[in-house]
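Please look through the sequence and the structure shown below before reading on. The report that follows begins with one residue and its surroundings and then widens to the chain as a whole.

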Amino acid sequence: MTTSEAAKEDAKKVPAKDPWDLPDVSGLVVGVLGGTGDQGRGLAYRLAKAGQRVIIGSRAAERAQVAAEELGLGIEGLDNAECARRSDIVIVAVPWEGHAKTLEALREELAGKLVVDCVNPLGFDKQGAYALKPEEGSAAQQAAALLPESRVTAAFHHLSAVLLSDPEVAEIDTDVMVLGEKRADTDIVQALAGRIPGMRGVYAGRLRNAHQVESLVANLISANRRYKAHAGLRVTDV
Ligand SMILES: NC(=O)c1ccc[n+]([C@@H]2O[C@H](COP(=O)([O-])OP(=O)(O)OC[C@H]3O[C@@H](n4cnc5c(N)ncnc54)[C@H](OP(=O)(O)O)[C@@H]3O)[C@@H](O)[C@H]2O)c1
């Protein structure tokens with residue numbers, strides 16, 4: 001038997017991982033940096049509706065409070081630093097342009113926290129959206145480089161903020177690709193995604209593979225423009 005045949009035989013002996021075999025995350029507080037924006041508000045709304053305790057963060061506490069009051073569902077609004085301090089899981093939902101500066105300033109508050117980056121570094125020109133190439137490889141890798149004491153993961157890139165925020169939409173029919181270095185952390189993020197009706201978190205590799213996931217949003221935007229849709233993704237056979 002060759003080495004690769006032996007490896008295949010060994011792989012067959014390991015039972016397939018059930019994508020729904022995940023920890024209970026219902027007691028964890030979720031903060032959203034840049035939570036006053038479209039994506040952050042949409043995620044805050046869906047997670048709070050699913051019963052999660054959610055804090056919206058903003059550069060200005062008053063803006064966060066206004067957004068939180070508008071959304072209701074027990075959502076709180078604080079400045080980004082206080083939001084990070086009080087949360088167990090912190091979703092980064094600021095524009096790519098403000099990504100590095102925001103995270104650098106919150107290094108202390110985010111130490112030890114599970115950080116979920118959903119930032120898509122994109123450019124736009126006459127031909128539509130295109131992927132930018134961050135020096136670190138991806139937004140998620142930039143976050144990991146800037147936050148050495150945090151547990152950085154990446155997820156929620158392919159969601160439509162329009163669907164997330166629409167109370168008429170009962171279920172968000174999509175998979176969420178979750179990336180990170182530690183399975184315990186990606187499991188928590190998958191579980192968080194799974195709290196939202198219709199949504200499922202699927203492990204999609206380590207952060208070095210985040211660039212493709214972030215970039216794919218340019219393709220989804222192209223599909224959305226052509227078909228006047230809010231395209232999502234499904235990973236089949238999992
Ligand atoms: N929109 C979507 O459908 C979608 C889907 C998936 C992923 N994403 C990703 O999610 C992130 C947020 O998207 P969005 O559409 O919600 O963006 P957005 O509305 O333009 O910005 C989100 C919030 O970030 C804060 N912000 C703006 N400029 C900033 C800066 N330079 N530094 C720090 N904070 C700043 C603002 O909040 P305050 O002024 O209150 O601080 C703003 O409300 C982006 O990186 C995007 O790639 C978006």
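Predicted model: local features only at pLDDT ≥ 70, side-chain atom pairs only at ≥ 80, totals over all residues.

Leaving out neighbours within four places in sequence, Leu220 has contacts with His158, Ala231, Gly232 and Leu233, where contact means heavy atoms within 4.5 Å. Leu220 belongs to helix H9, which covers residues 210-227, and helices and strands here are DSSP runs numbered from the N terminus, a helix (H or I) having at least four residues and a strand (E) at least two. Its relative accessible area is 11%, so Leu220 is buried; the word buried stands for under 20% relative accessible area, exposed for over 50%, and partly exposed for what lies in between, with a 1.4 Å probe and protein chains only. Between the C-alpha atoms of Leu220 and Tyr45, which are 175 residues apart along the chain, there are 23 Å.

Residues are numbered from 1 along each chain as its sequence is written, and side-chain values use heavy atoms, with hydrogens and water left out.

**Helix H9 and the segment after it**

His211 is also found in helix H9. Apart from neighbours within four places in sequence, His211 is in contact with Leu132, Lys133, Pro134, Gly137 and Ser138. The C-alpha atoms of His211 and Ala131 are 8.8 Å apart in space, although the two residues are 80 apart in sequence. In the segment after H9 lies Lys228, a residue other than glycine whose phi is positive, near 50 degrees. Is Lys228 buried or exposed? Lys228 has a relative accessible area of 74% and is therefore exposed.

Thr153 sits in strand S8, made of residues 151-154. With residues up to four places away in sequence not counted, Thr153 touches Leu114, Val115, Val116, Asp117, Leu179, Gly180, Asp185, Val189 and Leu207. Phe156 has its place in the loop between S8 and helix H7 (161-165). Phe156 shows a positive phi of about 65 degrees, although it is not a glycine.

**Helix H5**

Leu103 is part of helix H5, residues 96-105. If residues up to four places away in sequence are set aside, Leu103 touches Leu33, Val92, Leu110, Asp117, Ala143, Leu146 and Leu147. From C-alpha to C-alpha, Leu103 and Leu47 are 23 Å apart in space, and they are 56 residues apart in sequence.

**Buried residues and the cysteines**

| Residue | Relative accessible area |
|---|---|
| Thr153 | 0% |
| Phe156 | 1% |
| Leu103 | 0% |
| Cys83 | 0% |
| Cys118 | 6% |

A disulfide is a covalent bond between the sulfur atoms of two cysteines. How many disulfides does the structure hold? The structure holds zero disulfides, a disulfide being taken as a pair of cysteine sulfur atoms within 2.5 Å. Cys83 is in no disulfide, and the nearest cysteine sulfur, that of Cys118, is 13 Å away. The sulfur of Cys118 likewise has its closest cysteine sulfur in Cys83, and the 13 Å between them is too far for a bond.

**The chain as a whole**

The secondary structure of the chain comprises nine helices and ten strands. A compact globule of 238 residues would have a radius of gyration near 18 Å, and the chain agrees with this because its own value is 18 Å; the radius is taken over C-alpha atoms, and the globule rule is 2.2 Å times the number of residues to the power 0.38. Along the principal axes, the C-alpha atoms fill a box of roughly 65 × 40 × 40 Å.

Of the 238 residues, 49% count as buried. Of the contacts between residues at least 6 apart in sequence, 71% join residues at least 24 apart. The chain exposes about 12,200 Å², of which carbon and sulfur atoms supply 50%, with areas coming from the Shrake-Rupley method with a 1.4 Å probe.

The chain has 28 positive and 33 negative charges, and their mean positions are 3 Å apart. Lys and Arg count as positive and Asp and Glu as negative, whereas His and the chain ends are not counted; each charge is placed at NZ of Lys, CZ of Arg, CG of Asp or CD of Glu.
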